[in-house]
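Here is a briefing on a predicted model.

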Amino acid sequence: MSLATPGSIQKLQAALHAKAKEEPDFRFYLLYDKVYRKDVLEHAYARCKANKGAAGVDGERFEDVEAYGVERWIGELAETLRKKMYQPQAVKRVYIPKPGGKMRPLGIPTLRDRVVQTATMMVIEPIFEADLQPEQYAYRAGRNALTAVREVHSLLKTGHKQVVDADLSSYFDTIPHAEFMKPVARRIVDRHLLHLIKMWLDAPVEEGDGRGNTQRTTVNRDQGRGTPQGAPISPLLSGLYMRRFILGWKQRGYEERFGSRIVCYADDLVICCRWQAEQAMAAMQDMMGRLKLTVNAEKTRICRVPEAYFDFLGYTFGLYHSEKTGYPYVGMRPSKKSVQRMVAAISAETTSQKGLGAVTPHAQFDERDVETGLWFGY
């Protein structure tokens, strides 16, 4: 299957985006039937296969689907959706290393659930893309971590040198479902599609205890919070909720009051101010509290450039001196942690017990290091 988006899907997405852009208050009510269209499910399957990924709790792999027959498998999935009989399975919880020795929890939905989520995302993403704010850089066409880094650099050079370096605690795990569904329902009134999203938010989590046993919990449903980090639809959902903060910041007049500009990449956030950074930080903390999100007080701080330095998306911003002229300038360089992670990853990739070419299973790359151009010495 080709990864090039079929023309029929491009036409659908263009129409949805145009309608959402032209009419900000329009509510879409016929979307669910687009999710189980044959071309949409086929392309969703191709995208999931290209991303590879481990099997979920049911153990089903792409090789199993190929042996069973892809067309048959997709046809049965489409019929299940059409008859409103689809039910997601539990999300498999795994942990990957984070800088500093901590572990990051990731959720792995089953292959079947990943395909349906991807198909749903293909349908609703054009609608919400029209609503996302220019301050948001994550998981959007034509934007990435590098463009966010360049924007912060540009703001520093234009006088926004009082920086609120914000840190949110477990953002993906704490997004409140009821508050989150409000902006979704503001645009979508198709109850069947809304039900799909709600089922994914409430899906149980299954993880091993290290002794060969598994435990299944329903924390998200019981607490009404969280979206599994690692699910195909989670980036879109998380960006949609962060939009509420950015819109509120503007509507309350904080952008003008503090001469501020927000730069946001998923849950990584800085507020570059011309003045009154202390008041800006207090306002941010108050708004996050109203959104039922937790600000990490120990890691959130104010940085005044060029007197101090701060890290954002793998780069350290601050005062540097030109190697050629010796003159000082405000700029950025890859952070020490990013360099250490990349060196360790390259070493792991090139170290082999039997010569060059073998890959160790523990090599970890941070996608933001690659996106921000560390590979190219930017």
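A search of the whole structure turns up 20 salt bridges. The model is predicted, and side-chain atom pairs count only at pLDDT 80 or more. In general, side chains of opposite charge can pair when their charged atoms come close.

**Salt bridge Arg61–Asp64**
- Arg61 and Asp64 join through their side chains in a salt bridge, with an N to O distance of 3.2 Å.
- That pair qualifies because the cut-off for a salt bridge is 4 Å between a side-chain nitrogen and a carboxyl oxygen.
- Arg61 is partly exposed, at 43% relative accessible area.
- Asp64 is also partly exposed, with a value of 31%.

**Salt bridge Glu79–Arg82**
- Glu79 and Arg82 form a salt bridge whose closest N and O atoms are 2.6 Å apart.
- Both residues sit in helix α5, which covers residues 70-82.
- Why can their positions be described in terms of a helical turn? Glu79 and Arg82 are three residues apart in the helix, so about one helical turn separates them.
- Glu79 is partly exposed, with a relative accessible area of 30%.
- Arg82 is partly exposed as well, at 41% relative accessibility.
- The pair also belongs to a network: salt bridges link Glu79, Arg82 and Lys83.

**Salt bridge Asp131–Arg186**
- The side chains of Asp131 and Arg186 meet in a salt bridge at 3.2 Å, N to O.
- This pair links distant parts of the chain, as its two residues are 55 residues apart.
- Asp131 lies in the loop between α6 (111-129) and α7 (145-157).
- Arg186 belongs to helix α9, residues 177-187.
- Is Asp131 buried or exposed? Asp131 is buried, because its relative accessible area is 8% and the cut-off for buried is under 20%.
- Arg186 is partly exposed, at 31%.

**Sheet β9-β10-β11**
- Three strands make up an open sheet, in the order β9-β10-β11, with antiparallel pairing.
- Which strands form the edges? They are β9 (310-312) and β11 (328-334), and each pairs on one side only.
- From one strand to the next, the twist averages 40°.
- β9 is joined to strand β10 (residues 315-321) by three bridges, and the two run antiparallel.
- Phe310 has Phe317 in β10 as its bridge partner.
- Helix α7 lies across β9, β10 and β11.
- The angle between α7 and β11 is about 165°.

**Helix α1 and Gln10**
- Gln10 is found in helix α1, which spans residues 7-22.
- Gln10 is partly exposed, with 45% relative accessible area.
- Gln10 and Met122 are 112 residues apart in sequence, and their C-alpha atoms are 9.7 Å apart in space.

**The chain as a whole**
- The protein chain holds 16 helices and eleven strands.
- What percentage of the 378 residues count as buried? The value is 46%.
- Take contacts between residues at least 6 apart in sequence: 69% of them join residues at least 24 apart.

Definitions and conventions: Residues numbered from 1 in each chain as written. Predicted model: local features only at pLDDT ≥ 70, side-chain atom pairs only at ≥ 80, totals over all residues. Heavy atoms only, no water. Buried < 20%, exposed > 50% of the residue type's maximum accessible area, 1.4 Å probe, protein only. Helix = DSSP H or I, 4+ residues; strand = E, 2+ residues; numbered from the N terminus. Pairing = 2+ DSSP bridges. Axes fitted to C-alpha atoms, helices over the stretch in contact; angles between N-to-C directions. Contact = heavy atoms within 4.5 Å.
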